[in-house]
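Q: I should be grateful for a close reading of one part of the model shown here. Please set that part in the context of the whole chain before turning to its details.

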Amino acid sequence: MSNHYHIVLHINDQKAMAWTEAEVIERWHQLYSGNFLTQAYLVGKDLYEEQLKVISETATIWRERLMSISWFMRALNEDIARQANAEDNCTGRYLWKPSVVSTATRQLSLRQFVPDKLVGSQV
């Protein structure tokens, strides 16, 4: 079937929690433009204490989003929707049936979820 996909994801909570605020912001900026405060922070501009507090709060939210499978799926589906809208020459939200299924796989082998012919191969 060509209207769905399967993804095996691993969220490394410990590694993500160890990122500095600057690392979180840099990773977010790889995906999104951020805001004027975070852009100023990364280039080393002098900021007021209140601005640094806002940046810290923003980085906390962005870290949670970067660790979220739901947020990842949202971003992935947004890109697919934009492509589909461009192909169909329309605008607005591209509606798929809400059929996202998430399964936690802690301590389980990848081999349990991926056919043998795909394990070890580049997909």
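Among contacts in the chain between residues at least 6 apart in sequence, what percentage join residues at least 24 apart? With that settled, which residues of helix H5 are buried, and which are exposed on its other side?

A: The structure is a predicted model. Of the contacts in the chain between residues at least 6 apart in sequence, 57% join residues at least 24 apart. The chain has five helices and zero strands, and its elements run α-α-α-α-α from the N terminus on. Of the 123 residues in the chain, 15% are buried.

The chain has a mean pLDDT of 80, with 72% of its residues at 70 or more. Confidence is lowest in H5, where the mean is 84, and highest in helix H4 (residues 49–66), where it is 97. Two stretches of the chain have pLDDT below 50: residues 107–111, with four contacts in the model beyond near neighbours in sequence, and residues 113–123, with eight such contacts. Where pLDDT is low, predicted coordinates should not be read in detail.

Helix H5 covers residues 69–88. Its 20 residues reach 28 Å from the first C-alpha to the last, close to the 28 Å expected at 1.5 Å a residue. The buried residues of this helix are Met73, Ala81, Ala84 and Asn85. Because these buried residues fall within an arc of 100° when seen down the axis of H5, they line one face of the helix. On the other side of H5, Arg82 and Ala86 are exposed.

The two ends of the helix may be described in turn. At the start of H5, a side-chain oxygen of Ser68 comes to within 3.3 Å of the backbone nitrogen of Ser70. Just after H5, Asn89 adopts a positive phi of about 55°.

H5 also carries a charged pair. The structure holds one salt bridge, formed by Glu78 and Arg82, whose closest N and O atoms are 2.6 Å apart. The two residues lie four places apart in H5, and therefore about one helical turn separates them. An α-helix has 3.6 residues a turn, so residues three or four places apart point the same way.

Helix H3 provides a point of comparison elsewhere in the chain. Thr38 has its place in helix H3 (residues 36–42) and is buried, because its relative accessible area is 1%. The side chain of Thr38 makes a polar contact with the side chain of His29 at 2.9 Å. Not counting residues up to four places away in sequence, Thr38 touches Ile25, His29, Thr58 and Trp62.

Leu42 also has its place in H3, but Leu42 is partly exposed, with a relative accessible area of 30%. With residues up to four places away in sequence again left out, Leu42 touches Ala22, Ile25, Glu26 and His29.

Definitions and conventions:
Residues are numbered from 1 along each chain as its sequence is written. Side-chain values use heavy atoms; hydrogens and water are left out. Buried means under 20% relative accessible area, exposed over 50%, partly exposed in between (1.4 Å probe, protein chains only). A polar contact is a pair of N or O atoms within 3.5 Å; within protein, one must be able to donate a hydrogen and the other to accept it, and residues adjacent in sequence count only if both atoms are side-chain atoms. Contact means heavy atoms within 4.5 Å. A salt bridge is a side-chain nitrogen of Lys or Arg within 4 Å of a carboxyl oxygen of Asp or Glu. pLDDT is the predictor's confidence in each residue, from 0 to 100. The expected span of a helix is 1.5 Å times one less than its number of residues. The arc is that of the directions from the helix axis to the C-beta atoms.
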